[in-house]
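Please look over the structure below.

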Amino acid sequence: MERQNRKIRRMVIISLMAAASVILAKTLKFPIFPAAPFLKMDAGEIPLVITACILSTWDGLAALLLKEFLSLLLFGTNPFGLAADFLACGVFLLVFSLVICGRVSPKWLLAGITAGALVRMAAAIPINLIILQLQYGSTAEAIWAQMIYIIPFNGLKCLLDGVCLAVFSKQLQHLRHKASPAKSAEKPRDAGTKTAVHP
């Protein structure tokens, strides 16, 4: 029963975070480069990164996938844009989660954000070269000309995520403890503790 309750709790958290992500992405967005107004900063990734922090890598990716589906279903968002967003954000979440490995101290959050940002900015090159050609029929030369905006844009999105995580790092530790009580209850065995051996 307890296992089933934990599963239901995770599904509820994923659903709520995906919904919050959609709302933030649609309400809190603004262009940051006048020469590239199609690149709009938003706060929609923050709930997804929090999900990856307090639950797991795959739960964060599940929330991301649900967020893209809701955007398509409710707002008719362009599928090419959703695909690019899923790939870029998915790469970031994957690397970030693998680096922190459930450790939500400021040091590990910084390491995860940094590694995730570097990989995301590198991944943004092939992602946009493919997606923008399929979406708009743009030439490779035209897309490369936009990379001076696309690459730092992806880095800035990660920076926004990192600032929010740094501010709420203590709360994240508490939320992770509440969201995963079974894991939190497991205490590592002290190397100096002797284990009794019964004949």
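Which residues in helix 2 and helix 4 meet? From helix 2 come Leu48, Val49, Ala52 and Cys53; they meet Cys89, Phe92, Leu93, Phe96, Ser97 and Ile100 in helix 4. By class, this contact holds nine nonpolar residues, one polar and no charged. Bear in mind that the model is predicted.

**Helix packing**

| Helix pair | Axis distance | Crossing angle |
|---|---|---|
| Helix 2 (residues 46-54) and helix 4 (residues 79-100) | within 10 Å | roughly 30° |
| Helix 1 (residues 2-27) and helix 2 | within 8 Å | roughly 155° |
| Helix 1 and helix 3 (residues 57-75) | 8 Å | about 50° |

Take helix 2 and helix 4 first. Their axes cross at roughly 30°. Helix 2 is therefore roughly parallel to helix 4. The crossing of these two is right-handed.

Helix 2 also packs on helix 1. Here the axes cross at roughly 155°. That makes helix 1 roughly antiparallel to helix 2. On the helix 1 side, the contact residues are Ile13, Ile14, Met17, Ala20, Ser21 and Leu24. They meet Pro47, Leu48, Ile50, Thr51 and Ile54 in helix 2. This contact has nine nonpolar and two polar residues, and no charged ones.

Helix 1 and helix 3 pack at about 50°. These two helices are therefore oblique to each other. Helix 1 passes helix 3 in a right-handed crossing. Helix 1 contributes Arg10, Ile14, Ser15, Ala18, Ala19, Ser21, Val22, Ala25 and Lys26. Helix 3 contributes Asp59, Ala62, Ala63, Leu66, Lys67, Leu70, Ser71 and Phe75. Charged residues do take part in this contact: it divides into ten nonpolar, three polar and four charged.

**The bend in helix 5**

Where does helix 5 bend? Helix 5 spans residues 106-136 and bends by about 30° at isoleucine 127. Glycine 137 follows helix 5, with a positive phi near 75°.

**Aromatic pairs**

How many aromatic pairs are there? The count comes to two. One of them joins phenylalanine 33 and tyrosine 149. The ring centres are 5.6 Å apart, with 50° between the planes, and the pair is tilted. Phenylalanine 33 lies in the loop between strand 1 (29-31) and strand 2 (40-42), while tyrosine 149 belongs to helix 6 (residues 140-167), so the pair ties together parts that are 116 residues apart in sequence.

Conventions: Residues numbered from 1 in each chain as written. Predicted model: local features only at pLDDT ≥ 70, side-chain atom pairs only at ≥ 80, totals over all residues. Heavy atoms only, no water. Bend = angle between axes of the 7 residues up to and from the residue. Helix = DSSP H or I, 4+ residues; strand = E, 2+ residues; numbered from the N terminus. Axes fitted to C-alpha atoms, helices over the stretch in contact; angles between N-to-C directions. Parallel < 35°, antiparallel > 145°, perpendicular 65-115°, else oblique. Left-handed = near helix turned anticlockwise from the far one by under 90°. Contact = heavy atoms within 4.5 Å. Nonpolar A, V, L, I, M, F, W, Y, C, P; charged D, E, K, R; others polar. Phe/Tyr/Trp six-rings, centres within 6.5 Å; stacked < 30°, edge-to-face > 60°.
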